[in-house]
Amino acid sequence: LTVPIVTLVSSGPLYALIADDPVVAGAASGIEGIQYVVDIDPAACDSVEPDTAAPRGTCANPDYSGPFALTPGTHTVALAAIDRVGNEVSFSSFVIVAPVLTSLTVTPSTASIEVGGTAQFSAAGTFSDGSTRTMTGEVDWTTDVSSVAEVIPSGLATGVAPGTALVIASSGAISALATLTVRIPVLTALAVTPSTASIEVNATVQFAAAGTFSDGSTRTMTGEVAWRTDVSSVATVVTGLATGVAPGTALVIASSGTISALATLTVRIPVLTALAVTPSTASIEVNATVQFAAAGTFSDGSTRTMTGEVAWRTDVSSVATVVTGLATGVAPGTALVIASSGAISALTTLTVRIPVLTALAVTPSTASIEVNATAQFAAAGTFSDGSTRTMTGDVAWTTDVSSVATVVTGLATGVAPGTAL
């Protein structure tokens with residue numbers, strides 16, 4: 001029977017135990033287990049109760065389960081092993097000098113980020129045996145100006161405010177540093193929305209500007225950029241609010257320093273959308289007139305008088321005619337007065353009536369004749385349309401005292417002395 005052979009090997013900062021069960025008579029039982037203690041006399045472990053929660057390499061937890069680390073310096077490691085048939089090797093001790101960290105290096109040595117940006121730093125250690133290894137997750141990370149930059153245990157630094165800070169990695173008394181510059185993000189692009197727009201003359205449309213920065217962030221910059229149009233006779237713009245001046249096309253341009261963006265604005269003439277005729281109804285006598293007016297409403301919401309611009313007509317010209325909105329009664333009846341411009345039209349109703357007699361006047365107002373003599377009277381009528389005409393032959397004539405005077409078609413004859421109407 002042959003006892004197992006235990007070997008201690010080093011791999012960087014870790015130490016591993018390898019046990020071999022020698023072959024005897026062409027057979028080996030295999031290794032059942034390995035135990036070890038660090039800086040402890042194995043004889044002191046005889047009365048210690050096992051505890052898997054205890055630190056590895058102690059009397060309470062001596063079972064080897066994988067590579068282990070040793071702090072820098074000199075250590076005594078005692079090893080033992082047993083094979084599957086009960087052969088065991090008693091604890092034997094090894095004196096190990098674990099390499100000591102002699103220096104650290106931080107990479108990159110310099111970095112530059114924007115506010116809110118990040119940079120990943122790494123730390124590498126050089127040891128007393130000349131070996132090196134990455135220690136990014138083992139060292140302590142700090143910055144000398146936390147108001148400029150912060151760094152977390154993984155070496156990831158974040159820019160807080162513009163300025164310069166040292167990023168420091170340390171392990172005990174050994175440290176190394178790098179320089180981190182934090183800068184304000186710079187504008188790299190502008191965008192104007194909407195990219196195209198169309199308005200009527202005197203109408204407005206609001207444009208907005210958004211900036212993209214070197215850190216990838218974006219923000220609205222409508223009130224920060226300079227605004228202009230390339231054809232101010234077509235459109236003007238103030239703080240993104242563009243106003244149509246005359247029909248045509250203009251570029252709306254937003255700029256900040258050398259960065260600019262543009263949108264296309266088309267300005268068109270407002271189109272007529274509706275007409276209205278006033279008054280909505282009217283009534284006149286034959287030969288009388290009444291003035292109508294036309295007002296247009298446009299696609300930009302504006303309105304204006306269009307009496308002299310529209311076409312005027314009536315639907316029954318034998319009842320009334322109209323020129324530039326002035327309608328004249330031709331004969332009694334009703335007619336529609338129509339104003340039109342292209343396909344847009346509006347109408348009103350006109351009633352034409354016969355003028356009515358409103359007053360009569362007899363001339364002369366007084367007269368004196370002898371018995372059997374005559375005097376000619378005339379009658380004139382005033383009508384509802386303000387017109388007058390002689391009506392001597394149209395009216396009925398009488399006197400109030402026929403024994404004093406008689407009258408026929410205005411010709412009065414004296415019958416006896418007296419006074420008569």
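1. Strands in this note are DSSP runs of E at least two residues long, helices are runs of H or I of at least four residues, and both are numbered from the N terminus. With those terms, P364 is found in the loop between β37 (357–363) and β38 (374–376). The bond that joins T363 and P364 is a cis peptide bond, with omega about -5 degrees.

2. The model is predicted: local features need pLDDT of at least 70 and side-chain atom pairs count only at pLDDT 80 or more, while totals for chains, interfaces and linings use all residues. Residues are numbered from 1 along each chain as its sequence is written, and side-chain values use heavy atoms, with hydrogens and water left out.

3. The protein has zero helices and 42 strands. Its C-alpha trace spans about 190 × 50 × 40 Å along the principal axes. The radius of gyration is 58 Å, whereas a compact globule of 421 residues would have a value near 22 Å. That radius is taken over C-alpha atoms, and the globule rule is 2.2 Å times the number of residues to the power 0.38.

4. Of the 421 residues, 35% count as buried. Buried means under 20% relative accessible area, exposed means over 50%, and partly exposed lies in between, with a 1.4 Å probe and protein chains only. The accessible surface comes to about 22,300 Å², and 57% of it belongs to carbon and sulfur atoms. Areas come from the Shrake-Rupley method with a 1.4 Å probe; for residues, only the protein chains shown count as cover.

5. Contact means heavy atoms within 4.5 Å. Among the contacts with a separation of 6 or more, 49% are between residues 24 or more positions apart.

6. The protein has 11 positive and 29 negative side chains, and the centres of the two sets lie 21 Å apart. Lys and Arg count as positive and Asp and Glu as negative, with His and the chain ends not counted. The place of a charge is taken as NZ of Lys, CZ of Arg, CG of Asp or CD of Glu.

7. V290 is in strand β29 (residues 289–291). Its relative accessible area is 17%, so V290 is buried. Leaving aside neighbours within four places in sequence, V290 is in contact with A282, I284, G325, L326, A327 and L350. One of these, A327, is 37 residues away along the chain, with its C-alpha atom 5.3 Å from that of V290.

8. T143 belongs to strand β12 (residues 140–143). T143 counts as buried because its relative accessibility is 17%. A polar atom of the T143 side chain lies 2.8 Å from the backbone oxygen of A149. Not counting residues up to four places away in sequence, T143 touches A149, E150, V151, L166 and V167.

9. A cis peptide bond also runs from T107 to P108, with omega near -5 degrees. P108 lies in the loop between β7 (101–107) and β8 (110–114).

10. N202 is not a glycine, yet it has a positive phi of about 75 degrees. N202 sits in the loop between β18 (196–200) and β19 (204–206). With a relative accessible area of 62%, N202 is exposed.

11. N372 also has a positive phi of about 75 degrees without being a glycine. N372 is placed in the loop between β37 and β38. Its relative accessibility is 64%, so N372 counts as exposed.

Notes:
A polar contact is a pair of N or O atoms within 3.5 Å; within protein, one must be able to donate a hydrogen and the other to accept it, and residues adjacent in sequence count only if both atoms are side-chain atoms.
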